[in-house]
Amino acid sequence: MFLLYLCPVHKNLMMYQTLTFLHSTFRWLVLMSLLYSVYRAYQGYFSNKVFSKMDNSVRHWTATIAHIQLVLGITLYSQSQIVKYFWKNFNEAKESFDLLFFGLIHIFLMLFSIILITIGSAVSKRKETDKEKFKTMLIYFLIALLIIFIAIPWPFSPLANRPYFR
């Protein structure tokens, strides 16, 4: 049994399964933090509230959680047999929407959404007024949230299907 853990193939499989589990589970933190950030930004903007330390922490932690998910996702992408097959057999694989989704669409949409979250966080932090801070955070985080909802392979998604938890 101990020799199994020394086997490179077994170690790679264990790492891939662990990354898949973490990436699948961590998405819920990303979604919850984005939803909460959008809610606070909406409330703050339309109620003319002061951009508090709590709002700033929510902004910061939402971006941090998204960046952690990005690292997990890029690591998983580099280890995925589906992605490796896609790039080795690009001309054939691009005809399969499932392979195209995980080879290109998912990663580009997610990278774009993380870029939006990063820019939205940085720009809102530097805005002069509280209303501008809330507005910037609301716009950037809401657009990122919508893109993420589209790019997640939900069990009901017409793009690609995966279970809620892996």
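## Pocket, core and backbone

Guide: Over residues 60-79 the chain is 100% helix and 0% strand, with the end C-alpha atoms 29 Å apart. Please keep in mind that this is a predicted model.

Visitor: Which residues does the UniProt annotation "transmembrane region" cover?

Guide: The span 60-79, which is 100% helix, is one of those listed under that annotation, which comes from an unreviewed entry.

Visitor: Which residues are the closest to the centre of the largest pocket?

Guide: The largest pocket holds about 620 Å³ of space. Its lining draws at least two residues from each of helix H2 (8-46), helix H3 (53-79), helix H4 (81-88) and helix H6 (97-126), and by class it has 18 nonpolar, eight polar and three charged residues. Of the 29 lining residues, the closest to the centre are His23, Gly73, Leu76, Phe102 and His106.

Visitor: Is His23 buried or exposed?

Guide: His23 lies in helix H2 and, leaving aside neighbours within four places in sequence, is in contact with Gln69, Leu72, Gly73, Leu76 and His106. The relative accessibility of His23 is 18%, and because the cut-off for this class is under 20%, His23 counts as buried.

Visitor: Which element gives the largest share of the largest nonpolar core?

Guide: That core has 29 residues, and those with the most contacts inside it are Val30, Leu31, Leu34, Ile117, Phe141, Ile148 and Ile152. The elements giving two or more residues to this core are H2, H3, H6 and helix H7 (130-151). The largest share, nine residues, comes from H7.

Visitor: With which residues is Ile117 in contact, leaving aside its neighbours within four places in sequence?

Guide: Ile117 is among the residues with the most contacts inside the largest nonpolar core. Leaving aside those sequence neighbours, the contacts of Ile117 are Leu34, Ala63, Ala66, Phe141, Ala144 and Ile148.

Visitor: What is the phi of Asn48, and is this residue buried or exposed?

Guide: Most residues other than glycine have a negative phi. Asn48, found in the loop between H2 and H3, has a positive phi of about 50° although it is not a glycine. Since its relative accessibility is 58%, Asn48 counts as exposed.

Conventions
Residues are numbered from 1 along each chain as its sequence is written. This is a predicted model: local features need pLDDT of at least 70, side-chain atom pairs count only at pLDDT 80 or more; totals for chains, interfaces and linings use all residues. Side-chain values use heavy atoms; hydrogens and water are left out. On a 1 Å grid over the protein atoms alone, a cavity is a set of points where a 1.4 Å probe fits but cannot get out, and a pocket is an open set with protein on both sides within 12 Å along at least five of seven lines; lining residues have an atom within 4 Å of a point. Grid points are joined across faces, edges and corners, and a volume is the space filled by probe spheres set on the points. Helices (H or I, at least four residues) and strands (E, at least two) are DSSP runs, numbered from the N terminus. Ala, Val, Leu, Ile, Met, Phe, Trp, Tyr, Cys and Pro count as nonpolar, Asp, Glu, Lys and Arg as charged, and the others, Gly among them, as polar. UniProt positions are given in the numbering used here, feature names are shortened, and annotations may be inferred rather than shown by experiment. A nonpolar core is a set of buried Ala, Val, Leu, Ile, Met, Phe, Trp, Tyr and Cys residues joined through side-chain atoms within 4.5 Å. Buried means under 20% relative accessible area, exposed over 50%, partly exposed in between (1.4 Å probe, protein chains only). Contact means heavy atoms within 4.5 Å.
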